[in-house]
Structures are given as C-alpha cells and as structure tokens.
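Here is a short walk through a protein model. Keep the sequence at hand and follow along.

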Amino acid sequence: MVKAISLLGSTGSIGTQTLDIVTQYPNQFQVVGLAAQQNVELLAQQIREFRPTIVAIGEAQKLPELQAAIADLNPQPILLAGEAGVIEVARYSNASVVMNGIVGCAGLLPTIAAIEAGKDIALANKETLIAGGPIVLPLVHKHGVKLLPVDSEHSAIFQCLQGVPCGRLRRILLTASGGAFRSWPAEKLSTVTVRDALKHPNWSMGRKITVDSATLMNKGLEVIEAHWLFGVDYDQIEIVIHPQSIIHSLIELQDTSVLAQLGWTDMRLPILYALSWPERIYTAWQQLDLVKVGELTFFAPDHQKYPCMQLAYAAGRAGGCMPAVLNAANEQAVALFMEERIQFLDIPCLIERACDRYLAHKCSTPTLDDIIAADRWARQEVMTASENLGQYWKTC
C-alpha cells in the first residue's frame, strides 16, 4: 500500500530530502499535504511536482504570492496560511503519517494536532519533545499512535532496540561529531564568526541545527529527547565524541552487550526508516565500506569548552517547564548570533541566565499553556539580556 504523507517544513533540509525519497519510491509513498514557512518559490515547485491536496504557508502575508505562483494549476490544492493553516495540514484526514521537519518550537502545536487526529509521527523536530515531552507522550499513548524518531542518533537507538525485550536497556551512548570547532582551542572561540559556525565537518544540515552542533547544544537537546523517547534516566545517557560520524549511536544492554548502528552521513536513511518502519526498503545508495573508513575514534566531551551540554542535563533533570525555557533561550540566542547581534560565546551565557532566572517560576507538572508561556518568557528574557551583555558577562 502507498503511504500517504503530510510533510511539515517541506522547503527545509529534512523536507527536501523527504521529497527526494518520495521521488525515488513512488510506489511506497505519496505526498498529500505540504507546509512551509516562507520559501514561496520552492514551495510552488513542490506543489507542481507532487500535487498535494492541501498546502499551507506559515507566513500568512505570503499567501497571495503563493496563489499567484500556482494560479494555472488545475485542480488547485486547498491553500491555507499561518500557524492555523500548518496545523490543518498536520491533521489532514487523508494522511496516515506526518513528517515533522519544522525547525524549533514552532513544531510543537502541529505535532499535538496530528497526534490528536490519530496520525503516526515521523519526528525530526526534536523541540516537540524537549519543550513538550510532558504533554506529548501522554497524548501518544492516549491516541495509540506511533512516534518514530528521524534524528540520526535517535533513529540509531530505535533501530538497535528492535527485538530487545522491555526493561533490558541499560545505557544509551549518544555519539557527537564534535561540531565545527572540535579541533579549535578554547581561547580561539571568542573569534568565531557565523560563517565559521556553519562549516560542519561531516553533515549538511539547516543553519540553526548546524550552529547547535557547533555549541554542542544539539547533543544536550538530544539527551532530553532520548529521555522522553526511550524512557531512561539522565544518568543512563552519555555523550561520546566520535569525529567520523559513522556510528550514529549505541545502546548497552543489561548483560553489557553493546549494539550500534553504522552508516554514512546521509539523513535519507533515518528518514526512510521512519517512513517505512517496520519494513526495510531496498536502496541503491552507497554501501558502507569500513576499509575505506579506516578508523573509528572516540573521546570524552569537553564540558568546560562546551557548557551547553551541562546546561541541557541540568534543565532535563529540573523537569517541568525548564527544558522549554532552555530550548527557547537557545533558539533566541542562536537567532541573535546568526544576525551577528551577539558573539558565539554569548550563546551559553544567555541560556544559563534565562534558566537561572526562571527557577523562581518553576512548575513541576506543566500544562500546554504553561509550556507556551515559558517559551515566550525565555525568548523575551534573552532579548532583554542581549541588550545588556556587558554586565551579564561579569556573572556568567
């Protein structure tokens, strides 16, 4: 049977690679819904090629431009705009699975809408669980849907767990490439430019996640996501730097056996696995050649050089709305860095300050409204603090 997909974030890195898979396997997958934030030109091309039934553009003011770009199409898709439009694509009745490739916490409400509509979720939007884990996981169980990870690390863990009896997982080992600055001395990080931070040594990804990789916040966020996805305590999740990015993550079982998933740095593999699970689809993609790889090396992360990892562990252990505050503060700080309004080393400073100041507002059992309010508060807190960085550096 052909699997019907609604794709959120269709013009981003995950979205375009998902559509590449649909093109390669038209007998397995069909796109029925598309949603993108602002890239009208590319979204119009995608509409022409894949002929979805329903489409949304996140920036509502761009709807007339999109309408004009596909005015000659017959039949016309249902065209929607704004956050409400993206949510309608997420819950569209004809889709059986929703691929969420939206960047940032903007992916949370569409994920919730899709779950409540009974859709399986292929989740590339890690912020959904980081900020909304206490809300999302109960909904997944209530509606009996599948939550399938697309991040390469969590896909690796998920693949390794297939066939492992319940309760036999002992430890998760999350591998990290080390990011753009793994070979830089700590004292040189004060000179980092946006261009430097976007030069990932192994992966081709979106701008925001590439900067997260440079600060290693992406790995801290993945720790929180792994906690929710696989039900393990934070003490059972370890980060290991693996420069070759061939082993995408590992699990240790109760008898100390360690299982790993290996592959080239190609996001199409975890995307395909999430869409096709529990099946395995034959591909003609390049096969892994361990002789060509030559060596696999590992070392411990430098927490002094990269404080964001420890900030994420602390936020995860604090629970409640604190992971949402961490995530929102990081999103805002990274956006300011990419706009060249703050320096690279200001990112962890601003995040730490927001988390420290939120302690007074801590809530242990958050509602969705609490999480949204915490997200909004953290963004404003970072914006305010960024205007007075001189005095905050003294206490950072």
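Start with Glu 127, which is found in helix 6, residues 127-143. This is a predicted model. Is Glu 127 buried or exposed? Its relative accessible area is 5%. Buried means under 20%, so Glu 127 counts as buried. Its side chain reaches the backbone nitrogen of Gly 104 at 3.5 Å. Leaving aside neighbours within four places in sequence, Glu 127 is in contact with Gly 104, Cys 105, Gly 132, Lys 208, Asn 327 and Glu 331.

An unreviewed UniProt entry lists it under "binding site", and the listed residues include Thr 11, Ile 14, Asn 39 and Gly 206.

Take Ile 14 next. It is found in helix 1, residues 13-24. Ile 14 is buried, because its relative accessible area is 14% and the limit is 20%. Beyond neighbours within four places in sequence, Ile 14 is in contact with Met 99, Gly 101, Ala 124, Met 267 and Ile 271.

Now turn to the aromatic rings. The structure holds six aromatic pairs. In one of them, the rings of Phe 181 and Phe 344 have their centres 5.2 Å apart. Their planes stand at 80°, so the pair is edge-to-face. The two residues are 163 residues apart. Phe 181 sits in the loop between strand 8 and helix 8, Phe 344 in the loop between helix 14 and helix 15. Both Phe 181 and Phe 344 are buried.

Ring pairs link Phe 181 and Phe 344 with Trp 184 and Phe 337 into a cluster. Lys 188 lies over the face of Trp 184, at 4.2 Å from the ring centre. Elsewhere, Arg 268 lies over the face of Trp 285, at 4.3 Å from the ring centre.

Technical notes. Residues are numbered from 1 along each chain as its sequence is written. This is a predicted model: local features need pLDDT of at least 70, side-chain atom pairs count only at pLDDT 80 or more; totals for chains, interfaces and linings use all residues. Side-chain values use heavy atoms; hydrogens and water are left out. Rings of Phe, Tyr and Trp (its six-membered ring) pair if their centres lie within 6.5 Å; planes under 30 degrees apart count as stacked, over 60 as edge-to-face and the rest as tilted. Helices (H or I, at least four residues) and strands (E, at least two) are DSSP runs, numbered from the N terminus. Buried means under 20% relative accessible area, exposed over 50%, partly exposed in between (1.4 Å probe, protein chains only). A charge sits over a ring if NZ of Lys or CZ of Arg is within 6 Å of the ring centre and within 35 degrees of the ring normal. UniProt positions are given in the numbering used here, feature names are shortened, and annotations may be inferred rather than shown by experiment. Contact means heavy atoms within 4.5 Å. A polar contact is a pair of N or O atoms within 3.5 Å; within protein, one must be able to donate a hydrogen and the other to accept it, and residues adjacent in sequence count only if both atoms are side-chain atoms.
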